[in-house]
Amino acid sequence: MILSERMRMKETFFMHSAVPFPLAIDHGKGAALYDTEGKRYLDFFDSQNILGYGNEDYAEALLDQALRLGANPGYHAPALELGQQLCLRSGMSRVCLCDSGSAANEAMITLARRYSHQRYGAGRHTILTLRGAAHGQSLATLAASGAALPELAAMDHGFLPVAPEISALRQVQAPVCAIMVELISLTQGVKARAKQFIHELAVLCAERDWLLLIDEVQSGIGRTGSLFAFQQYGILPDAVSFGRSIAAGLPMGGILTNSRCSGVLQDGFPAAQEQPSPICIAAALSTLAILNETALDEVSKKGDYLKSGIETLGLGALGDMRGSGLMMAVEILGNASHSAARLAEQGLLAQEQGGALCLLPPLLVTHSEIDDALNIMKAVLAYDSFHPGNFTQGETRTPAYFN
């Protein structure tokens, strides 16, 4: 079915709730997608499709589980094994599985409020977040995002500046029970929080008995070169969330808690009622098996290779570069959305976020596929480098690389 026929069917039968890429994709292999006419597109777009396409070990795990058990009527051994692996590899104490990253963040919000209620009684319920953060699409998580809708403003969340000072946090008078933060913000163009700030934040939370909630729906499960990004910050949060990456894109999520929060959520907790299917559990186990310590080390090396390759392009259209592992961004000194569209036309799918081009390839991407992506970037973005009118007035071309 060609693209025009697919678009016509969507217009006829679907509500206008989502806008997919205008591509008629037929299949994928590795980091590449192929449309019905055989054109190849490198998928550096989907942060949660961490294994790429056509992974045989992953597919066999799903098939085996589908033939064995498709629903979960009781104590499901693979789920128990998954929980054990997540705790051991993260250093956390307990896990709660659910069916999405948004549900996981909502579970963290409930965790914080229950913890505070059990210790201090009613009234201590405010969750502090950073303006511009993105924590999910449910009512609770939208209200916990800096871009919350006006009709949600009455919900009990406080918004902090994008880069608050600890001294300002110490002046907060609201009845706070927790702070929720992304260590690396994809929606702001893969911007990382400074390690010193996070360390000071952890100390402040310990002093005030606020829970430190880390949202790793985008950065978790190997994306930055470690299972979770918080492991590179030298902290142990009270709770950390993860999303569909754990099952390489299938509907799944969850939270991990430290020991002091391990008994807060009791049986019957709402988020746990939407348990992921055994097929998604099998997908998660396969993902963790593939992403062993050797594979995670390779993620870091491939990230360095991608970063070095972008540096050597020497294009004036490229500005600051930042990232960790295979969660990279490079600022475009012009219109990043237009650049992303032109790259897509030439076979490289990438996100535009916060004025930057975000590159999020599968973690099993090959060096050859990275080279192909760099060649497309050079061919497309070289034009801007020789046309100064495409730059936004006042922007600098001096790179300040992430460290």
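**Entry 1: nonpolar cores.** I looked up the largest nonpolar core, in which Leu201 and Met377 touch the most other members among 81 residues. A nonpolar core is here a set of buried Ala, Val, Leu, Ile, Met, Phe, Trp, Tyr and Cys residues joined through side-chain atoms within 4.5 Å. Buried means under 20% relative accessible area, exposed over 50%, and partly exposed in between, with a 1.4 Å probe and protein chains only. I then noted a second, separate core of 21 residues, with Ala103, Ile109, Leu211 and Leu213 among them.

**Entry 2: basis of the values.** I record that the model is predicted, that local features need pLDDT of at least 70, that side-chain atom pairs count only at pLDDT 80 or more, and that totals for chains, interfaces and linings use all residues. Residues are numbered from 1 along each chain as its sequence is written, and side-chain values use heavy atoms, with hydrogens and water left out.

**Entry 3: Leu201.** I listed the contacts (heavy atoms within 4.5 Å) of Leu201 beyond its neighbours within four places in sequence: Ile166, Leu169, Ile179, Val181 and Leu212.

**Entry 4: Ser185.** I placed Ser185 in strand β8, residues 184-185. Strands (E, at least two residues) and helices (H or I, at least four) are DSSP runs numbered from the N terminus. Ser185 is buried, at a relative accessible area of 0%. With neighbours within four places in sequence set aside, Ser185 contacts Val190, Lys191 and Arg193.

**Entry 5: the whole protein.** I counted eleven helices and 16 strands. Of the 403 residues, 51% are buried. Among contacts between residues at least 6 apart in sequence, 73% join residues at least 24 apart.
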